[in-house]
Amino acid sequence: MRKFLLGIIILSAIPVMGQGTVSLDSCRRMAIANNKEILQQQIKIEQAGYQRKQAEAAYLPSFDFEGGYIYNQKKLSLVDKDQLLPTKTFNPATGSYDFNLVKDPTTGLPVIHEGSVIPSQVALLPKSALTYDVHNVFAAAVTMTQPIYMGGKIRAMNNITHYAEELARNMHDTKVQDVVYSVDEAYWRVVSLVAKKKLVESYLKLVQNLDSDVEKMIKEGVATKANKLTVDVKVNEANVNLTKVVNGLELSRMALNQICGQPINVRFTLADENRDEIGGTLRPTHLQMDSVYANRSDIRSLEIAAKIFDEKAKVAKSEMMPQIAAFAAYHGTNPNSYNGFENKFGFAFSVGAMVKIPLWHWGGLSNKYKEAQAEARLRKVQIDDAREKINLQVNQAKFRYEEAWKTFEKTKSHLAQADENLRCAQLGFREGVTNLDTVIGAQTAWVQAYSENIDAQIDIQLCDVYLSKVMGQMKY
């Protein structure tokens, strides 16, 4: 493929105006190099390659950095006022610490005031000790996430992107074949009209010579003015037909230039336009449909699309499966939440794992999976339908190709008859044993025979390339 694209770039750099004779292959290469739709398909192949690499990256851990800043108007205080905390003293008799409480000297029991004991000693915890400067808060973290099990989703997505890239290449090949066939049609149309132009010019000379002969015969008194008018009509018809052919040829050349991506005012001399007869031999057309199906890029595209939808069904199924991922993070905050909210960065490392298990979604996930399965089955039915249509298309193309050759052979045999008929009619007219209508009829039959022969030759070329296209054997 790289060599192919490099060849296209080199060929597109060749100045067209410097070419003398342009072959059919040259026209094909110019069209492939300059066609915008083919270029779009090449970009789609590039996009599919990036998507494939993106899916492959899902197997590997992802690293991210996150950071943030917050400004707070007020400081943070954990208490609303100074706090008095009761104290304890060690009691050797019990071996534990007891609260220091005010006791009744007579009973030795703690004094109860408003339902609560009264501490005899307290420790002062001022509000300022629990107030922190959080006007400027910074936070940052570097995280790593590693998928462990995603229910087969990552593998399915990788398969989808590989198939998508292959599908893009097949779509590119299909578009190239369409462009090549369009080039062939335009090329052979120009060749046909060049031959028709020469034929009409020859016919015009015939009727002009006949017109000159009739004028001479009028002077000699062996022809009438009515004969002259009849021939004049044929001369005018030949001139009109020549004008139509010349205009049609000009438009056809413009169409060929447009397909080849060249300015419409550029004029090529086509390699086949000066040939008396277009060569070629009837090639065997044994049909092996399995081989045809294997070679057809559109069938391959449908098969790849079916595989893609099979993988999409697996993606839908993965949403019903448990998903496990591991993560690690190195994070820091300022104020330092690990050391009394001092105004310095404090850092820490943490690791963990996450598990997600779908429990109940009221049939939503299962129905999504079934929908994907139905879509995959639909694609397989479409493949069977396409195979049946291709079978019919190939057989029709084979029939048309063989019919074109039979028609060509018949037109070849008609040429000799038309030549001899015209020669005899002209000779008889000069000798005075044949009337004018017979000569005009012979000339009309002659031009029709050669016109049909030209059409038959062009039809062979078009049927041949079409048969190659539908059989997946087109070479370019």
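A: Sorted by class, the lining of the largest cavity comes out as five nonpolar residues, one polar and two charged. Keep in mind as you look that this is a predicted model. The names behind those classes are V190, R253, L256, N257, V266, R267, F268 and L270. Helix α5, which covers residues 225-260, is the top contributor to this lining, giving three residues. As for the space itself, the largest cavity holds about 40 Å³. When the whole structure is searched for cavities of 30 Å³ or more, one turns up.

Moving on from the cavity, there's an open space to look at too. The largest pocket has a volume of about 400 Å³. Its lining is made of 19 residues, and the ones closest to the centre of the pocket are A195, R275, D276, Y450 and I454. Two elements give two or more residues each to that lining, namely α4 and α9 (436-470). Helix α9 supplies the largest share, with six residues. Split by class, the pocket lining has nine nonpolar, four polar and six charged residues.

The axes of α4 and α9 are 10 Å apart, with an angle of about 170 degrees between them. The pair is therefore roughly antiparallel. Where α4 meets α9, the contact consists of 21 nonpolar, seven polar and six charged residues.

The class make-up of the α3 contact with α4 is 10 nonpolar, eight polar and seven charged residues.

While you're on α4, have a look at E165 and R169. They form a salt bridge, with the closest N and O atoms 3.3 Å apart. Both residues sit in helix α4, and they're four residues apart, or about one turn of the helix. Across the whole structure, a search finds 25 salt bridges.

Now for the strands. An open sheet is built from four strands, ordered β2-β11-β13-β14, with antiparallel pairing. Strands β2 (62-71) and β14 are at the edges, each pairing on one side only. From one strand to the next, the twist averages 20 degrees. Strand β11 (residues 136-149) is joined to strand β13 (residues 323-334) by 11 bridges, and the two run antiparallel. To line this pair up by eye, find T145, whose bridge partner in β13 is F327, and then A139, which stands opposite T333 in β13. Strand β13 also pairs with strand β14 (residues 346-356), again in the antiparallel sense and over 11 bridges.

The peptide bond joining N334 and P335 is cis, with omega at about 10 degrees. You'll find P335 in the loop between β13 and β14. Then there's W362, a residue other than glycine with a positive phi, near 55 degrees. W362 is in the loop that runs between β14 and α8 (364-431).

Key: Residues are numbered from 1 along each chain as its sequence is written. This is a predicted model: local features need pLDDT of at least 70, side-chain atom pairs count only at pLDDT 80 or more; totals for chains, interfaces and linings use all residues. Side-chain values use heavy atoms; hydrogens and water are left out. Two strands pair if DSSP finds at least two bridges between them. Ala, Val, Leu, Ile, Met, Phe, Trp, Tyr, Cys and Pro count as nonpolar, Asp, Glu, Lys and Arg as charged, and the others, Gly among them, as polar. Axes are lines fitted to C-alpha atoms, for helices over the stretch in contact, and angles run from 0 to 180 degrees between N-to-C directions. On a 1 Å grid over the protein atoms alone, a cavity is a set of points where a 1.4 Å probe fits but cannot get out, and a pocket is an open set with protein on both sides within 12 Å along at least five of seven lines; lining residues have an atom within 4 Å of a point. Grid points are joined across faces, edges and corners, and a volume is the space filled by probe spheres set on the points. Angles under 35 degrees count as roughly parallel, over 145 as roughly antiparallel, 65 to 115 as roughly perpendicular and the rest as oblique. A salt bridge is a side-chain nitrogen of Lys or Arg within 4 Å of a carboxyl oxygen of Asp or Glu.
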